[in-house]
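Q: I have a model open here and would like to talk it through with you. Can we take it topic by topic?

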Amino acid sequence: PDRYAVIGNPIAHSKSPEIHARFAQQTGQNLVYERLLAPLDGFERTVRDFIAAGARGANVTVPFKLEAHALATELSVRAQAAGAVNTLRFSDDVIFGDNTDGVGLVTDIVRNAGVALHGKRVLLLGAGGAARGVMLPLLDEKPAELVIANRTVAKAAELAREFSPPHGRVHACGFGEPEGRFDVIINATSSAIAGDMPPLAPELFGPGTLAYEMMYGREATPFMRFAAQAGAATRDGLGMLVEQAAEAFLVWRGVRPDTAPVYAALRASL
Ligand code: ATR
């Protein structure tokens, strides 16, 4: 069988092996997918050893997505825009780097949640790696407006400046500044890890709003609870996780698995 892995540190908690095993079974693809713990100073060595062992590709997770971007000898347009790589494909002497996170998010919002982004007011919270990684696929949907709000406003301004032309209208601001109701509000900050949320006005949310939390878990995060209280529909990032995996599977194998049963199985096991 062809070999794949997810490489990170830590890696024990990763759900990717389970997801890809289900994809492989469903599509009849002959592959194995393992977990690889790379030392913090040994990402490149881990990848090169894996390639030497005959591997065909890998997913890359925290904290190595920037190193994977630097290691790739070819990059997709979306990986270039993200400045980070979560999917590697190995062939001959080429290390192809891609980023499927943003497409995963957009697919989960548009197809699975059934919420259009085209022509809508979209608020993106955060300006770190997670936010940068989804900018291009979000802008490809042609929202009427994309506002980036961050605790450190200068980082939001930098992201907005980088993506504004030729992609359309992008504004940067602090958490207290956005005004009016948004159609979609995406939390790309890591605030949930601290049991926290960005300080937002409840008026930004309403019955027509989808509040999307990129993190996932058994329980709603503070952002999701606040959004629900303000009347919004909420969704966590489990669907994004499954969709980015499906897109990576497509990059490697040329087939896109059916994500719905895999999402349901994962949700049930949280
Ligand atoms: P990631 O890869 O998860 O994006 P990151 O690049 O370290 O990680 O970025 C973390 C993001 O979460 C940043 O936007 C950060 O805000 P700053 O740029 O001001 O640091 C944001 N963040 C982290 N903890 C937060 C909190 N408790 N409240 C609001 N924003 C927070």
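The chat below goes through confidence, domains, core and ligand shell.

Q: What are the mean pLDDT of the protein chain and the ipTM of the complex?
A: This is a predicted model, and the mean pLDDT of the protein chain is 97, with 99% of its residues reaching 70 or more. For the complex, the predictor gives an ipTM of 0.98 and a pTM of 0.97.

Q: How is the protein chain divided into domains?
A: There is a domain 1, made of residues 2–99 + 239–268, and a domain 2, made of residues 102–236. Their C-alpha centres lie 25 Å apart.

Q: And how many residues of each are in contact with the other domain?
A: On the domain 1 side 13 residues are in contact with 16 residues of domain 2. Helix H4 (77–82) and H9 each supply at least two residues of that side of domain 1, and H9 gives the most, with 6 residues. By residue type, the side of domain 1 that touches domain 2 divides into 5 nonpolar, 4 polar and 4 charged residues.

Q: Changing topic, which residues touch the most other members in the largest nonpolar core?
A: Ile-148 and Ile-185 do, in a core of 77 residues. The largest share of this core, 8 residues, comes from helix H9 (residues 238–253), and the core draws at least three residues from each of domain 1 and domain 2. As background, nonpolar side chains in soluble globular proteins tend to be buried together.

Q: What does Ile-148 touch, then?
A: Leaving out residues up to four places away in sequence, Ile-148 touches Leu-124, Ala-127, Ala-131, Ala-156, Leu-159, Ala-160, Val-170 and Ala-172.

Q: Now the ligand: how many residues surround it, and which are the closest?
A: The ligand is surrounded by 16 residues, and the closest are Gly-128, Gly-129, Ala-130, Arg-151 and Thr-152. The shell divides into 5 nonpolar, 8 polar and 3 charged residues.

Q: Which helix gives the most to that shell?
A: Helix H6, residues 129–140, gives the most, with 3 residues.

Q: Why is H6 largely enclosed by the rest of the structure?
A: Because 10 of its 12 residues are buried, H6 is largely enclosed by the rest of the structure. The buried residues of H6 include Ala-130, Ala-131, Arg-132 and Gly-133, and also Val-134, Met-135, Leu-136, Pro-137, Leu-138 and Leu-139.

Key:
Residues are numbered from 1 along each chain as its sequence is written. This is a predicted model: local features need pLDDT of at least 70, side-chain atom pairs count only at pLDDT 80 or more; totals for chains, interfaces and linings use all residues. A residue is near a molecule or strand if its C-beta atom, placed from the backbone, lies within 6 Å of it. Helices (H or I, at least four residues) and strands (E, at least two) are DSSP runs, numbered from the N terminus. Ala, Val, Leu, Ile, Met, Phe, Trp, Tyr, Cys and Pro count as nonpolar, Asp, Glu, Lys and Arg as charged, and the others, Gly among them, as polar. A nonpolar core is a set of buried Ala, Val, Leu, Ile, Met, Phe, Trp, Tyr and Cys residues joined through C-beta atoms within 7 Å. A residue is buried if 20 or more other C-beta atoms lie within 10 Å of its own, exposed if 12 or fewer, and partly exposed in between; C-beta atoms are placed from the backbone. Domain bounds come from an automatic or database domain assignment. Two residues are in contact if their C-beta atoms, placed from the backbone, lie within 7 Å. pLDDT is the predictor's confidence in each residue, from 0 to 100.
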